[in-house]
Structures are given as structure tokens and as C-alpha cells.
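This report describes the charged side chains of one protein model and their setting in the fold. Please view the structure before reading on.

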Amino acid sequence: MSPVEAASARGTDVNPVERLAALVADDMRAAEVLIHERMLSEVALVPQLATHLVDSGGKRLRPLITIAAARHCGYAGQGHHKLAAAVEFIHTATLLHDDVVDESALRRGRPAANTLWGNKPSVLVGDFLFARAFQLMVETGSLTVLDILSHAAAVIAEGEVMQLRASKNLATSEKDYLAVIAAKTAALFAAASESGSVLADADDASRRALRDYGHNLGIAFQLVDDALDYSGRQAVMGKTVGDDFRECKVTLPIVLSVARADDGERRFWRKTIEVGAQEEGDLARAIEYLERGGALAQTMERARNYAARARDDLAALPQSEIRNALADIADFVVERAY
């Protein structure tokens, strides 16, 4: 059953991600087969742990965009399946490593791999997936693709280190934080979009448009996640409200709140984020400050601005159903908060 048929069976409207998946359904099925084939290992724990996360209900948005970019630009080979699998492996590896660093208990509403198997296996299986990703990149036969994605992998790692340094640091500025998410989130979206066009030998204007689209989409995606962490909508989406708060992460809502906080609010943020001394009721109080002061609304407004930029980036590309779906995904990334 296609994503569109599945949505119809549920009696729901087809969202842009499902619509795009339906447009490239055969390619996504081929990529999915490849993802599961390349997770296999004679070491039983490797596919067991990897499958736990890979099959935990993610939308495959990054590999979907990779395939869509290649198809929109006229690619007719099979290399985009390998490229999509490589992108998914990079994403999965970073999630495994993130959960260890953040000491996360849940991922997509399920126990995180590190809580089930421990930190060491999670890190090592993440390394395995990174290695598989590079094997797949090489198999595409494109040095340019290898350059784009290997650079993105390095930037993502830098972004995680930057975020670690910003943790509990209330002096983090909005500029600093945007640099963090540009590296740790937007870099892979941008690389996924651009590398698909590279396989199709797209012209420089198309490559640039898709790279910029991915970058701005990734920023919008992360800003919405930042806001959702303090929203009841998070629970509806199968995630835990307040994970960032409990992990003392300084995300944009807190950056904006601290910038206009009075003395009492500043003392609260210092106690709960810088010191990490959190008590019952502190999350509810944090949400109250973020809502009352407008920090959540401002975060969403910035997300809308980046989503609009992503949509505008696609104007340089020829009209197609795929382009229209990609543009609508930029809006959907923001609308999922409601």
C-alpha cells in the first residue's frame, strides 16, 4: 500500500511528506531494502541494535529528499538508492551517539538504544553505520557526492561539540545557537538535497537551490523541535515533553526568554539550567515563562521565516510535482506543531 493509499484508508488527508513518498514510491522501496541489507552483520548485536532505531517509526525525510532531488533533476540510474541509504545511516548514527551524550531514555517514544544495550554498544554500532554510509557513498562512483557528505559528517560532529559547550551556558546568544543547529541539523538536510542533484549532473543553479532549500528546511525543522519540547503537542507526537529542559539544553526558546527576563526569571533559569537543580513543578514554570514572555511564539515565527526561505529557494527549479511537494513540506514542517 502506498503512503497515499494508507492515508486514505485511515480517512486522513495526505500530508506533503506522504505525497512526495508516493511520487517516488518505487525508489523509496528500493532504498528501504538496501538500508536493511546493509545493516546486516555477522555480529548479531549490530543489526539488532541498529534495527531498533531504524525501524522505530522515523519518516525517512532526509533520504526521501535525496531521492526527490535526484529524480527532479532527471537522474535515471540506481545510485540514488545507495545515496539515500547512506544519508539514513549517517542520520541514525548521529542519533545513537546523541542519545549517549544526552543520556536520553527515550527516542521516538521507545526506549533509547543506550538504555537497552548500554552506551558502548550504541556508540560502536553508530560507528558501524557511519562506515556503511561511506561504503555506500563510494559505490555511487561520485567523488563530489563523497566530498559533500563527508564534509557534512564532519560539520555535524562539530555541531554536536558546539552544542555540548553551549549546554548549561545561559550566555549563549541567538547567533551562537543558530550556528549550532546549522551544523548539527541543517548540514545533513543540505547535503542530502545537494548530493541528489549531483548524481543527476544538475547545473550549478539547481545544486545551489537544493542545497539552500535543505539548509533552510533543516533550520526550520530544528526550531520547531525546540518549541515542541515545551508543548503539549509533543506528547501527541509520541515524544516526552521537557526533554531539553531536563537535559539542561540551552535552545532558542530559553535564549530568547533569558534575553528579556527579570531578576526572578534569571534566578530560575540559572538554578534549573546552569546549576541543573530541578524540582517538581519547574517544567511547568519554565513553560509558563516561555509562553508568557513570547519566547515560544518567537521561536515559531523564526521557524516560519526559514520555512518560507526554503520554499523560495525552490523557485529557481523547473516546475514539477516533486518540486511542489518539496515546497509544501517546508510549510508542513512548521504546521506539525499544531
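With which residue does Arg-60 form a salt bridge? Arg-60 pairs with Glu-88, and the closest N and O atoms are 3.4 Å apart; a salt bridge here is a side-chain nitrogen of Lys or Arg within 4 Å of a carboxyl oxygen of Asp or Glu. The pair joins distant parts of the chain, 28 residues apart, with Arg-60 in the loop between α4 (45-54) and α5 (61-72) and Glu-88 in helix α6 (residues 79-102). Both Arg-60 and Glu-88 are buried. Buried means under 20% relative accessible area, exposed over 50%, and partly exposed in between (1.4 Å probe, protein chains only).

The model is predicted: local features need pLDDT of at least 70 and side-chain atom pairs count only at pLDDT 80 or more, whereas totals for chains, interfaces and linings use all residues. Residues are numbered from 1 along each chain as its sequence is written, and side-chain values use heavy atoms, with hydrogens and water left out.

**Overall fold**

The protein chain contains 18 helices and two strands, which are DSSP runs numbered from the N terminus (helices H or I, at least four residues; strands E, at least two). Its radius of gyration is 20 Å, in agreement with the value near 20 Å for a compact globule of 338 residues; the radius is taken over C-alpha atoms, and the globule rule is 2.2 Å times the number of residues to the power 0.38. Along the principal axes, the C-alpha atoms fill a box of roughly 60 × 45 × 40 Å. Of the 338 residues, 54% are buried.

**Salt bridges**

The structure holds 20 salt bridges, including those listed here.

| Pair | Closest N to O distance |
|---|---|
| Asp-26 and Arg-29 | 2.3 Å |
| Arg-60 and Glu-88 | 3.4 Å |

Asp-26 and Arg-29 are separated by about one helical turn because they lie three residues apart in helix α3 (residues 25-38). Asp-26 is exposed at 57% relative accessible area, while Arg-29 is partly exposed at 47%.

Arg-311 is partly exposed at 31% relative accessibility, as is Asp-331 at 28%. A network of salt bridges links Arg-19, Arg-311, Asp-328 and Asp-331.
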